[in-house]
Every structure is written in structure tokens, then in C-alpha cells.
Amino acid sequence: MAEPVIDEALRERLKSALWFSIGKIVDEEILQLNVNATPQFIGALTEMVWAQLENISRDLESFARHAGRSTVNTDDVLLLARRNEGLGELLKAFVDEENAGKLADKGKGKGKGVAKK
């Protein structure tokens, strides 16, 4: 199976944004923990997170494709999280809450029997 072609400039911009975000998180944590983190640590952590994201995205795409879909949905994410019991439970609770909210919003529609102007 061929890997999708991703513009190298876009890849570098995404990695830079990830590095920036991870750097901000690390900065917040080192202040709370009263420790130091080197730029090399932030770079290595960024590379590790990037590799994880690539693996996760391939898995999610495979799950969707196996189900005959071209779009990843929540079922794929829940399937990916199945081996991490705590994460799976959190995600399932979140999805259930979102679905309950959508059902409640559906019932609050524009009103049945009201003529449109």
C-alpha cells in the first residue's frame, strides 16, 4: 500500500507547531516540579510524539478502511483505545455524553407543527 504524499513544507510546519505546543507544556510542568528541561529533551519528546501520531493515524485509517469507510469515526478511536482500559473508559464516557447531548438537542428542534414564514 502506498503512503500518501504529504507536502514536506506542511510536515515541517506541523512538526514545528507540535514542538511549540510540547515546549509550552514542558515549561508549565518544569515550573510546577521545580526541575529543568533541555531543548534536546523537548526535541526528543517531540520526535517521540510525532512517531506515535504517525502510528495512530495509520491504525485509524486501517480500521476505517477495514469497515469500508473512507472517514475515521469515533468507533475507530474507541477500537484503538481498547487496550488502554482507563483511556477507553474515558473516551467511551465522552462519546456517550456527546451522543446524549445530540439527542437532547434534536428534541429541541424548530418546533413541530409550527409553520415556516
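**Close-up 1. Asp-76 pairs with Arg-69 in a salt bridge.** In this predicted model, the closest N and O atoms of the pair are 2.8 Å apart. A salt bridge here is a side-chain nitrogen of Lys or Arg within 4 Å of a carboxyl oxygen of Asp or Glu. Asp-76 counts as buried because its relative accessible area is 2%. Arg-69, at 28%, is partly exposed. The cut-offs are under 20% relative accessible area for buried, over 50% for exposed, and partly exposed in between, with a 1.4 Å probe and protein chains only. Side chains of opposite charge can pair when their charged atoms come close. The structure holds five salt bridges.

The model is predicted, so local features need pLDDT of at least 70 and side-chain atom pairs count only at pLDDT 80 or more, while totals for chains, interfaces and linings use all residues. Residues are numbered from 1 along each chain as its sequence is written, and side-chain values use heavy atoms, with hydrogens and water left out.

**Close-up 2. Glu-8, Arg-11 and Glu-54 form a network of salt bridges.** Arg-11 bridges to Glu-8, with the closest N and O atoms 3.9 Å apart. Both residues lie in helix H1, three residues apart, about one turn of the helix. Helices (H or I, at least four residues) and strands (E, at least two) are DSSP runs, numbered from the N terminus. An α-helix has 3.6 residues a turn, so residues three or four places apart point the same way. Arg-11 also bridges to Glu-54, where the closest N and O atoms are 2.9 Å apart. Glu-54 sits in helix H2 and Arg-11 in helix H1, so this pair ties together parts that are 43 residues apart in sequence. How exposed is each member of the network? Glu-8 is partly exposed at 47% relative accessibility. Arg-11 is partly exposed at 23%. Glu-54 is partly exposed at 25%.

**Close-up 3. Thr-46 is a buried residue of helix H2.** Its relative accessible area is 3%, which means it counts as buried. The side chain of Thr-46 reaches the backbone oxygen of Ile-42 at 2.8 Å. Setting aside neighbours within four places in sequence, Thr-46 is in contact (heavy atoms within 4.5 Å) with Lys-15, Leu-18, Trp-19 and Ile-22.

**Close-up 4. Helix H2 covers residues 39-66.** How far should its 28 residues span, and how far apart are its end C-alpha atoms? At 1.5 Å a residue, H2 should span 40 Å; its end C-alpha atoms are 40 Å apart, so the two agree. The expected span is 1.5 Å times one less than the number of residues. Along with Thr-46, the buried residues of H2 are Ile-42, Trp-50, Leu-60 and Ala-64. These buried residues pack against helix H1 (8-33) and helix H3 (74-80). Just after H2, Gly-68 takes a positive phi of about 80°.

**Close-up 5. Asn-34 sits in the loop between H1 and H2.** Asn-34 has a positive phi of about 55°, although it is not a glycine. Buried or exposed? Asn-34 counts as exposed because its relative accessibility is 69%.

**Close-up 6. Ile-6, Leu-10 and Leu-14 make a nonpolar surface patch.** The patch covers about 240 Å². Patches are made of residues with over 30% relative accessible area and no salt bridge; like charges are joined within 9 Å, and nonpolar side chains (Val, Leu, Ile, Met, Phe, Trp, Tyr) within 5 Å. Leu-14 lies in helix H1. Its relative accessible area is 45%, so Leu-14 is partly exposed.

**Close-up 7. The protein chain has four helices and zero strands.** Along the sequence, the pattern reads α-α-α-α. Buried residues make up 13% of the 117 residues. Take contacts between residues at least 6 apart in sequence: 34% of them join residues at least 24 apart. The chain exposes about 9,900 Å², and carbon and sulfur atoms supply 59% of that area. Accessible areas come from the Shrake-Rupley method with a 1.4 Å probe; for residues, only the protein chains shown count as cover.

Technical notes:
Polar contact = N/O pair within 3.5 Å; in protein donor to acceptor, adjacent residues only side chain to side chain.
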